[in-house]
Amino acid sequence: MRIIARGTLREFWESNPAYADSQTPLVEWYRHMEKATYRTPQEIKAELRTASILKSARVVFNIGGNKYRVILAIDYQRQLGFVRFVGTHAQYDQINAETV
């Protein structure tokens, strides 16, 4: 799967020294997703049990022991994932994950 855009992840971990510890788990998640092929949300859930499936082809991933969250909008047919949100768990609680 092609993930758009890695720069969004980098911007997050570089935006605040408190988020520097997110770099390793975010890069590991990115590399995993690039190598993966998921045809349905159920395939993601079967492999990554902590992922949450939302409406509008969005998936929430817990990163770094649930300290951080990534929302990915996925086009399963084209195998494209668009990073819609990267943030802390507390920041995630302040947004609407289905519309961000």
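**One position and its surroundings**

Mentor: Leaving aside residues up to four places away in sequence, Glu34 touches Met1 and Ile3, where a contact means heavy atoms within 4.5 Å. The model is a predicted one, in which local features need pLDDT of at least 70 and side-chain atom pairs count only at pLDDT 80 or more, while totals for chains, interfaces and linings use all residues. Residues are numbered from 1 along each chain as its sequence is written, and side-chain values use heavy atoms, with hydrogens and water left out.

Glu34 belongs to helix H2, residues 23-35; helices (H or I, at least four residues) and strands (E, at least two) are DSSP runs numbered from the N terminus. In sequence Glu34 is 32 residues from Arg2, yet their C-alpha atoms are 5.5 Å apart in space. Glu34 has a relative accessible area of 39% and is therefore partly exposed, the class that lies between buried (under 20%) and exposed (over 50%), with a 1.4 Å probe and protein chains only.

E1 and E5 are parallel and share three bridges; strands count as paired if DSSP finds at least two bridges between them. The sheet as a whole is open, with five strands in the order E1-E5-E4-E3-E2 and mixed pairing. Strand E1 (2-4) and strand E2 (52-53) are its edges: each has a single partner strand, so one side of each is left without a neighbour in the sheet.

On the other side of E5, Gly81 is also the residue opposite Ile74. Strand E4 (residues 68-75) and strand E5 (residues 80-88) run antiparallel and are joined by eight bridges. H2 packs on this sheet, in contact with E1, strand E3 (58-63), E4 and E5, and its direction makes about 140° with that of E3; axes are lines fitted to C-alpha atoms, for helices over the stretch in contact, and angles between N-to-C directions run from 0 to 180 degrees. Of the nine residues in E5, seven are buried, so that the strand is mostly covered. Helix H1 (residues 6-15) lies across E1, E4 and E5, at about 10° to E5.

In soluble globular proteins, nonpolar side chains tend to be buried together. Beyond residues up to four places away in sequence, Phe61 touches several residues, including Trp29, Met33, Ile44, Leu48 and Leu72.

Some backbone details complete the view. Most residues other than glycine have a negative phi, and most peptide bonds are trans. Ile4 and Ala5 are joined by a cis peptide bond with omega of about 10°, and Ala5 is in the loop between E1 and H1. Four residues separate the strands in the hairpin of E4 and E5, where Gln79 takes a positive phi near 60°. Gln79 counts as buried because its relative accessibility is 16%. Asn66, in the loop between E3 and E4, has a positive phi of about 75° although it is not a glycine.

The count of salt bridges comes to two, a salt bridge being a side-chain nitrogen of Lys or Arg within 4 Å of a carboxyl oxygen of Asp or Glu. In one of them, Lys67 pairs with Asp21, and the closest N and O atoms are 2.8 Å apart. This pair links distant parts of the chain, 46 residues apart: Lys67 is in the loop between E3 and E4, and Asp21 in the loop between H1 and H2. The side chains of Asp75 and Arg78 also form a salt bridge, at 3.1 Å from N to O. Arg78 counts as exposed because its relative accessibility is 59%.
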